[in-house]
Amino acid sequence: MSILVLGGAGYIGSHTVYALKEAGEDVVIIDNLETGHIEAVHPDARFYEGDIRNRTFLDSVFEKEKDIKAVIHFAANSLVGESMVNPLKYYDNNLCGTKVLLESMLAHDIKKIVFSSTAATYGEPERVPILETDRTEPTNTYGETKLSMEKMFKWTDKAHGLKYVSLRYFNACGAHESGMIGEAHNPETHLIPLILQVPLGKREAISVFGNDYDTKDGTCIRDYIHVTDLAQAHILAVKYLLEGNDSNIFNLGNGVGFTVNEVIETARKVTGKEIKAIMAERRAGDPAQLIASSEKARTVLGWNPQHADLEEIIASAWKWHSTHPNGYAK
Ligand code: UFG
């Protein structure tokens, strides 16, 4: 039995492939390397470079890899800011790409898929911690396309019996314990890698986007979840589907929120360096607080995050960034 990982050269995709290989699985990867990195492709996985919008290409992989039993789908664009200036790029890759993928999967009778969704499907939360049943009103195109993908799966399930698990991640962070793979976005927009650019000498200071939110220190609160814990949730979700269970949606977070200031303070402690922070304007579209309730994933999937400690998360990110200051680039 093989598992096909779409987007397996990206940040969360590559960590999931490493976890699958550590669990002894046979893995096939598809990635167009637009934002993924060839260096992040696991050496023992079979890799096909190509785009999920290309039906002929997808069909050729399914025809060659006859043993694929389930798909894990990470292949999408995921920058909130970019999605607001170029929304059609997001509709094209995230939605049109997924439509082509589902057509090809159905044609080859593959009916199990685990898929990356996001806290951005909720938009401004009604309350925290957020439950899967809470209102979904995305405030950006990225979140809207992910929510539409979930609906595409829902109706495809009703018509064709395709079973899916949608995993709504909160703030993915950290890196593999080996230090071999980690977070490498270009441009980087995420808080922890940007903070760590300061002690690396690549950035003079970290800008704190707003200190007048209704939170304990005025800065935004997020639920930071280690990428290795996310990877484990994908393995459990595949198992859940292969056992014949029904389609489902799960939040993935630790259920604990940290302010931007607390994250910076923890990074100072971990790196032992002074990290200069400067106050800046709020960033458009940032909710004050996003904290997950992941009770459902714990109860139904048996998910049990192992790296909830923020110091440990930042230490793993620091191990990666300090040894790869330019990401995968030489
Ligand atoms: N932040 C700063 N300075 C920076 C970068 C970020 O203060 O230089 C703040 C943000 O305002 C936010 C927090 O740090 O309050 C975290 O920001 P990130 O950009 O790291 O993450 P987001 O919470 O904006 O985004 C995450 C995921 C997205 C997802 C979104 C859901 O990365 O994929 O949650 O809202 F869409």
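Strand β9, residues 221-222, is joined to β14 by two bridges, and the two strands run parallel. Strands here are DSSP runs of E with at least two residues, helices are runs of H or I with at least four residues, and both are numbered from the N terminus. Two strands pair if DSSP finds at least two bridges between them. Within this pair, Ile-221 stands opposite Gln-289 of β14.

The pair belongs to an open sheet of three strands in the order β12-β9-β14, and its pairing is mixed. At the edges are β12 (258-259) and β14 (289-290), each of which pairs on one side only.

This is a predicted model: local features need pLDDT of at least 70 and side-chain atom pairs count only at pLDDT 80 or more, while totals for chains, interfaces and linings use all residues. Residues are numbered from 1 along each chain as its sequence is written, and side-chain values use heavy atoms, with hydrogens and water left out.

The protein chain as a whole has 10 helices and 14 strands. Its radius of gyration, taken over C-alpha atoms, is 19 Å, close to the 20 Å that the globule rule (2.2 Å times the number of residues to the power 0.38) gives for 330 residues, so the chain is as compact as a globular protein of that length. The C-alpha atoms fill a box of roughly 55 × 45 × 40 Å along the principal axes.

Of the 330 residues, 55% count as buried, meaning under 20% relative accessible area with a 1.4 Å probe, protein chains only.

Notes
Buried means under 20% relative accessible area, exposed over 50%, partly exposed in between (1.4 Å probe, protein chains only).
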